[in-house]
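Me: I have a structure open and want to learn how to read it. Can you take me through its features one at a time?

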Amino acid sequence: MNQRMGLRETKKERTRETISATAIRLFLDRGFDHVSITEIAEAAEVSRRTLFAYFPTKEDLVLHRFADHESETARIVRGRTAGRPPLDALREALLDALARRDPNTGLNDTPEIVAFLRMVFATESLAARLTRYTSRGIEALTEALREAGADPLVARLAAAQVIAVQRQLAVMNHEALADGESADARYPQAVRAAHQAFDLLDDGLGSQLTGA
């Protein structure tokens with residue numbers, strides 16, 4: 001029974017990825033607003049009903065890749081070693097992501113990734129919908145900081161600032177790469193910007209999160 005369930009889940013995940021990859025390929029080729037749900041379903045060889053079962057909206061076909069990371073900062077805070085300040089753990093995680101050229105940092109110059117991020121930031125409905133995932137990330141990090149002992153107000157304000165800082169750093173990295181800079185050339189500046197941003201966060205919030 002468990003093996004059958006495992007195979008079923010694997011098949012569902014494969015179908016989900018096929019639908020999303022097909023949609024993104026069509027969007028990048030023709031533009032988000034110029035591709036219909038029917039065309040995506042036909043290209044992915046699934047019904048419209050199946051497509052909507054995996055992705056309730058057209059925007060979700062693209063933005064689920066951000067949704068998969070929306071609780072990442074909360075996981076980092078919960079998984080840090082005992083006694084380690086949350087901001088230290090979040091700083092280190094961001095630096096590690098930059099070194100790995102994680103697409104979510106904006107520091108990945110693979111042409112498909114650059115084109116994908118350009119589409120997200122340049123498409124009004126996608127950019128607007130992205131704020132929903134940002135809000136969920138703030139909620140998740142707020143809860144993690146509260147669990148760690150932070151005052152509720154401090155937890156909320158700290159979470160909002162951390163998520164905003166990470167998003168803006170990613171946007172700046174993406175803009176540099178979209179203008180033709182390579183990820184390797186941008187990397188030192190990206191690291192300096194990350195340190196400066198977290199220094200500012202630490203100056204304003206560090207003492208408030210000491211007990212978290």
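Me: Let's start with one side chain. Is R91 buried or exposed?

Reply: Buried means under 20% relative accessible area, exposed means over 50%, and partly exposed lies in between, using a 1.4 Å probe and protein chains only. R91 has a relative accessible area of 15%, so R91 is buried. R91 belongs to helix 6, residues 86–99.

Me: What should I know about the model and its numbering?

Reply: This is a predicted model: local features need pLDDT of at least 70, side-chain atom pairs count only at pLDDT 80 or more, and totals for chains, interfaces and linings use all residues. Residues are numbered from 1 along each chain as its sequence is written, and side-chain values use heavy atoms, with hydrogens and water left out.

Me: Which residues is R91 in contact with, leaving aside neighbours within four places in sequence?

Reply: Contact means heavy atoms within 4.5 Å. With those neighbours set aside, R91 contacts H195, F198 and D199.

Me: Now the whole chain. How many helices and strands are there?

Reply: Helices (H or I, at least four residues) and strands (E, at least two) are DSSP runs, numbered from the N terminus. The protein has 10 helices and 0 strands. In sequence order the pattern reads α-α-α-α-α-α-α-α-α-α. The C-alpha trace spans about 55 × 50 × 30 Å along its principal axes. The protein has 212 residues, and 40% of them count as buried. Take the contacts between residues at least 6 apart in sequence: 70% of these join residues at least 24 apart.

Me: How do I read a helix pair?

Reply: Two packed helices are described by the angle between their axes and the distance between the axes. Axes are lines fitted to C-alpha atoms, for helices over the stretch in contact, and angles run from 0 to 180 degrees between N-to-C directions. Take helix 8 (residues 124–147) and helix 9 (residues 152–178): their axes come within 8 Å and cross at roughly 135°. That angle makes helix 8 oblique to helix 9. The cut-offs: under 35 degrees is roughly parallel, over 145 roughly antiparallel, 65 to 115 roughly perpendicular, and the rest oblique.

Me: What is the handedness of the crossing of helix 8 and helix 9?

Reply: A crossing is left-handed if the near helix is turned anticlockwise from the far one by less than a right angle, and right-handed if clockwise. Helix 8 passes helix 9 in a right-handed crossing. The contact residues include G137, I138 and L141 of helix 8 and A155, A159 and V162 of helix 9. By class, this contact of helix 8 with helix 9 has 10 nonpolar, 3 polar and 3 charged residues. Ala, Val, Leu, Ile, Met, Phe, Trp, Tyr, Cys and Pro count as nonpolar, Asp, Glu, Lys and Arg as charged, and the others, Gly among them, as polar.

Me: At what angle do helix 9 and helix 10 cross?

Reply: The axes of helix 9 and helix 10 (residues 183–205) cross at roughly 160° and come within 10 Å. That makes helix 9 roughly antiparallel to helix 10. The crossing of helix 9 past helix 10 is right-handed. Among the residues that meet are V165, L169 and M172 in helix 9 and A190, A194 and F198 in helix 10. The classes for helix 9 with helix 10 come to 15 nonpolar, 3 polar and 1 charged residues.

Me: Which residues of helix 4 meet helix 8?

Reply: D60, V62, L63, H64, F66 and A67 of helix 4 meet L126, R129, L130 and Y133 of helix 8. Helix 4 (residues 60–67) packs on helix 8 at about 35°, with the axes 10 Å apart.

Me: Is R129 buried or exposed?

Reply: R129 is buried, with a relative accessible area of 16%. R129 sits in helix 8. Not counting residues up to four places away in sequence, R129 touches T57, E59, D60 and L63. The C-alpha atoms of R129 and E59 are separated by 7.2 Å, though the two residues are 70 residues apart along the chain.

Me: What kind of contact does the side chain of R129 make with the side chain of T57?

Reply: A polar contact is a pair of N or O atoms within 3.5 Å; within protein, one must be able to donate a hydrogen and the other to accept it, and residues adjacent in sequence count only if both atoms are side-chain atoms. The R129 and T57 side chains make a polar contact at 3.3 Å.

Me: Where is E45?

Reply: E45 is in the loop between helix 2 (37–44) and helix 3 (48–54). E45 has a positive phi of about 60°, although E45 is not a glycine. Its relative accessibility is 74%, so E45 counts as exposed.
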